[in-house]
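Me: Can you walk me through how the pieces of this one touch each other? I'll ask as we go.
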Amino acid sequence: MTQQDVSEVSVHINDTAVTVEQGTTLLQAARLAGVEIPTLCWAENLTPVNACRLCVVEQEGTRALIPSCSRLCEDGIRVETDSDRVRHSRRMILEFLASTNDLSQSAELQEWAESYQIDLDRYISPEKNNDEVKIEDDLFVRAYDRCVLCYKCVEACGDDAQHSFAIAIAGRGFDARVSTEYEVELPESACVYCGNCVGVCPTNALQFKVEFDLRESDEWRPEDQSTTETICSYCGVGCSLELHTQNNQIFKVTSPSDHSVTSGHLCIKGRFGWQYVHAPKYEPSKKS
Amino acid sequence: MADLQFSDARADDEEIGAIDSLVGEPAVMRQGERLVRGGLSRRRASRHLLLPGLHLLQNSKGWISPGGLNYLAEVLQVPPAEAYGVASFYDLFETEEPSQPGPRHRVCVDPSCAVAGSAELILELREAGCQVHESPCLGQCDRAPAMFIQELGKPDNVPADADGLVHRQQGSPALRLLKRFGVTDPSDLDSYRSHGGYNALNLALDMGPEAVLDQLTASGLSGRGGAGFPTGRKWRSVAAATSESKHIVANADESEPGTFKDRLILENDPFAVIEAMTIAGVTTGSRHGWVYIRGEYPLATERLTRAIESARASGLLGTNIAGSNHSFDIEIRRGAGAYICGEETALFNSIEGRRGEPRNKPPFPTTSGLFGEPTVINNPETLINVLEILDRGVDEYRALGTDLSPGTKLFCVSGHVGSPGLYETPFGTPLGQLLEMAGGVTGSLQSILMGGAAGRFVGPEMLDLPLTLEDAAARDTTLGSGAITVFSTEVDMGNIVRRLAKFFRDESCGQCVPCRIGTTRQHEVLLQITDKGPDAAQRQLLDDISAVMSDASICGLGHTAASAVQSALDLGLLQADMS
């Protein structure tokens, strides 16, 4: 788009006028204005699916709340991002998720659950997602009891990044789930183990096997963890890597989602091909 | 699109034969010796055959096997995981091999059939060794309890269709929309033409699109599916759209419990729907017509299919229709058991071979509908009103009804009335008078469900309600799709309300959190309520669930999933009257 094609629109967010380029979403406009809106299924490197509804805001003159992550700013509209109705919807959505899934490994969701004051005691024996963890290989595990169906992994596997289409949503309603065809194991499916699904998962339903093992054996020590940035050594593309380590043991590899080369997505080599780092140092045998 | 990867499962000859018959021999992907793998355009070009293909596989084998799915997915170039996601979305498709062979009896357990004894029918069938599945409303509330049978290699079957059709109002001069019911032969184009058929199309061709749109707007016609959007405005938006390709879709996926009008229209007057769609086509400049019809309506599908063929044979569909320079043709798509596919954008996704999950609006169908192109979507009742408007002229059309609700309305009356059935009456007729037309309440009236599961319960004090959109809104109820379900004091309303909550729990597509989990939690709380009614905490929780579903869900299903429950609570219907 050339400069003269860009037209501007003005919106009111919580009584503050914000002027943005046409095509800006309400979420982007709110963030420009310094207003925080929680999001779960939204990510900057994926197409919005509007499924979680945490980002809803109230637009003056509109009956239902609207999803700010995908709704474009229209000139002159006024939205409230923290009205009673908005807070109620967010609180209920967080109650619904917490009453269904294990959210213990999502710091963000736990924080919101507290700030929106959810009350789980009022749900008497709610049906939960108790899926058993799927361990099918040494690279990553799928713990769908944590899965909130945000669609991020499906998008990353499909049109938004990898174009493998190994997983999709199957079933319907409360029984909807992320699945390969007929739930075949990942090695039998179209999965290429890029791990981009793991990279976008917000609840740790998908996690590296190393991390899973550390947690299972009660050796998970956040205080001993650090992140090291580096460049992938395999090919000439130059993907930026973040190596997450605990006591010098790599347990996860990510790439920044705003990185110009990767948009946060990697291939199997960058994501999982780091075992050589931990290989015993090769000592050439000395001639005696 | 990347090369697709398939498991080793292979289709058998029957499955291959079924799919090849769908795409034509040889399978579309073969060009010479080469297997052509298409790009995005090919994928879009053929993916809309996924749903018909799944129907064929289900019918040829009794379930969708991994081999059959692989073959279909490869022919259409759809990733197998996505094809499985689509197959597992619909009630009429099995993705596991049935443990028990033989026909599958689906018996409706929704309100009209429940009060007519569906539980006893299920018991009876089970005792006879039949395989029985409890089903949501089958759209046969006028002859409850309803049943639908799927059987290997045989056409889907509604046993009641063999008994002939029940017409409460035979064609009479006082009727407009039902005037040809029982009078013309629905399989005979000449019979249709000799009763005014195709007069409206000729008028439309003579007067031109602008005049048709003006008449439609002046008539005040609004959509009869429940939302009541002005039809003239919808058509005008699509007429004004500059797209090369536009679509006319007839939404005949009526699945609202208690509703069966579109089934009866398609069974008794299929040419009327075809003619009205053709008028929509020439008026908006759209060449492609689609009828999305409930999978549970085999007779309507058969009659419509035959009517389309004979209209095509007479030059009334195809190129240069009726000698004009317009082209228009119609394809049928059968649904496969999913209430949500009656939601217009879910319906588009279903036709396109995707899961029937609603899209966010905006963009609206008039700008981005089927295949992302401008689309008019109306239900059959709305469409056949267009014929009346053009035939009679706006003034005569508006002579019946009220200023804000002109014309007549079809009501599906069922439950505890003497003569359940379809009734046409001018807008403004009092509710009590409609019930009298339907043979009066049998027993003592307890409550009436207006507009089906997505509607609201009202008490006997509403019998004076004039049946118009404006009066319904003013008195906090709805006409919805025109379903009126009557309950006498013999009915335990707790059972009915819990069933409606279960209906939404089963029918939520699962896409958005408020509806996916909200419908489940709502049903759970209702199961916990004692016959004293809800305590304060339970009522608070139900209200909280209702608010988030209504405020934050993506589509109309979630928005209305608590509506009937809330109205029942307000009327005190969940307190058992022990006196």
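Reply: Two residues are in contact if their C-beta atoms, placed from the backbone, lie within 7 Å. This is a predicted model, where local features need pLDDT of at least 70, side-chain atom pairs count only at pLDDT 80 or more, and totals for chains, interfaces and linings use all residues. Residues are numbered from 1 along each chain as its sequence is written, while chains are lettered from A and ligands numbered from 1 in the order in which they are written.

Me: Which element gives the largest share of the side of chain A that touches chain B?
Reply: Here 43 residues of chain A are in contact with 43 residues of chain B. Helices (H or I, at least four residues) and strands (E, at least two) are DSSP runs, numbered from the N terminus. Two elements give two or more residues to chain A's side, strand S8 (168-170) and helix H2 (84-100). The largest share, eight residues, is from H2(A).

Me: Are H20(B) and H21(B) roughly parallel or antiparallel?
Reply: Helix H20 (residues 493-507) and helix H21 (residues 513-528) of chain B pack at about 155 degrees. Angles run from 0 to 180 degrees between N-to-C directions, with axes fitted to C-alpha atoms over the stretch in contact. Over 145 degrees counts as roughly antiparallel, under 35 as roughly parallel, 65 to 115 as roughly perpendicular and the rest as oblique. So H20(B) and H21(B) are roughly antiparallel.
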